[in-house]
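Me: I have a new model open and would like to learn how to read it feature by feature. Could you walk me through it?

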Amino acid sequence: MLEHLKAWAKAVKRDVIALWIAARDRRTPCLAKLLAALVAGYALSPIDLIPDFIPVLGYLDDVVILPLGIVAAVSLIPAALMAEFRVEAEKISARPKNRIAVAVIIATWIGTTILAGWLVSRYLAA
């Protein structure tokens with residue numbers, strides 16, 4: 001059971017990357033391009049439709065909504081093209097992680113948190 005879930009999660013991750021590639025490829029049909037960009041953007045975004053801290057419902061988008069979006073987007077992309085995007089996504093996933101990108105993301109979150117704290121303190125002081 002656990003191995004099945006790991007394989008499913010890996011396939012979802014691969015398909016999200018493949019959809020991101022599809023959204024930028026000129027051979028992808030327009031509607032598929034739009035849906036692929038929305039699904040990949042949502043999957044890669046740190047902001048969820050339903051926040052994860054809400055019990056049970058918080059993971060609903062990760063377990064139900066996101067896979068349904070992936071299935072819908074994949075169904076709009078020609079099979080041969082999607083197979084090509086999946087191969088490219090596998091290559092991207094196999095690459096070493098970029099530590100500079102991780103540092104930039106962490107710095108952005110820290111900066112945003114500091115800015116939000118500063119704005120809240122100014123608001124409360126007024």
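Me: Since this is a predicted model, what is the mean pLDDT of the protein chain?

Reply: Start any predicted model with its confidence. Here the mean pLDDT of the protein chain is 87, and 96% of the residues reach 70 or more.

Me: In which helix is confidence lowest, and in which is it highest?

Reply: The lowest value belongs to helix α5 (residues 99–125), with a mean of 87, while α4 has the highest, at 92.

Me: Good. How many helices and strands are there in the protein chain?

Reply: You will find five helices and zero strands. Read from the N terminus, the order of elements is α-α-α-α-α.

Me: And what radius of gyration does the protein chain have, next to that of a compact globule of 126 residues?

Reply: The rule for a compact globule of that length gives a value near 14 Å, but this chain has 18 Å. Along the principal axes, its C-alpha atoms fill a box of roughly 60 × 35 × 30 Å. As for burial, 23% of the 126 residues count as buried.

Me: Let's turn to the core. Which residues of the largest nonpolar core touch the most other members?

Reply: The general idea first: in soluble globular proteins, nonpolar side chains tend to be buried together. In this model the largest nonpolar core has 21 residues, and Leu 19, Ile 70, Ile 77, Met 82 and Phe 85 touch the most other members. The elements giving two or more residues to this core are α1 (2–24), α2 (30–44), α3 (60–76) and α4 (79–94). Helix α1 supplies the largest share, eight residues.

Me: Can we zoom in on one of those? What is Met 82 in contact with, leaving aside its neighbours within four places in sequence?

Reply: Met 82 is in contact with Asp 15, Ala 18, Leu 19, Val 74 and Ile 77.

Me: Which residues of α1 are buried?

Reply: In α1 the buried residues are Val 12, Asp 15, Val 16, Ile 17, Ala 18, Leu 19, Ile 21, Ala 22 and Ala 23. What covers them includes α2, α3 and α4. You can check the helix geometry too: α1 has 23 residues and reaches 34 Å from first C-alpha to last, close to the 33 Å expected at 1.5 Å a residue.

Me: Asp 15 is in that buried list. Which residues are linked with Asp 15 in a network of salt bridges?

Reply: Arg 14 and Arg 86 are linked with Asp 15 in that network. The N to O distance is 3.1 Å for Asp 15 with Arg 14 and 2.7 Å for Asp 15 with Arg 86. Asp 15 lies in helix α1 and Arg 86 in helix α4, so this pair ties together parts that are 71 residues apart in sequence. Asp 15 has a relative accessible area of 8%, so it counts as buried, whereas Arg 86, at 26%, is partly exposed.

Me: How many salt bridges does the count come to?

Reply: The count comes to four. Another of them joins Asp 25 and Arg 27, with the closest N and O atoms 3.0 Å apart. Here Asp 25 is buried at 16% relative accessibility, and Arg 27 is partly exposed at 40%.

Conventions. Residues numbered from 1 in each chain as written. Predicted model: local features only at pLDDT ≥ 70, side-chain atom pairs only at ≥ 80, totals over all residues. Heavy atoms only, no water. Core = buried A, V, L, I, M, F, W, Y, C linked by side-chain atoms within 4.5 Å. Buried < 20%, exposed > 50% of the residue type's maximum accessible area, 1.4 Å probe, protein only. Helix = DSSP H or I, 4+ residues; strand = E, 2+ residues; numbered from the N terminus. Contact = heavy atoms within 4.5 Å. Expected span 1.5 Å × (residues − 1). pLDDT = per-residue confidence, 0-100. Salt bridge = Lys/Arg side-chain N within 4 Å of Asp/Glu carboxyl O. Rg over C-alpha atoms; globule rule 2.2 N^0.38 Å.
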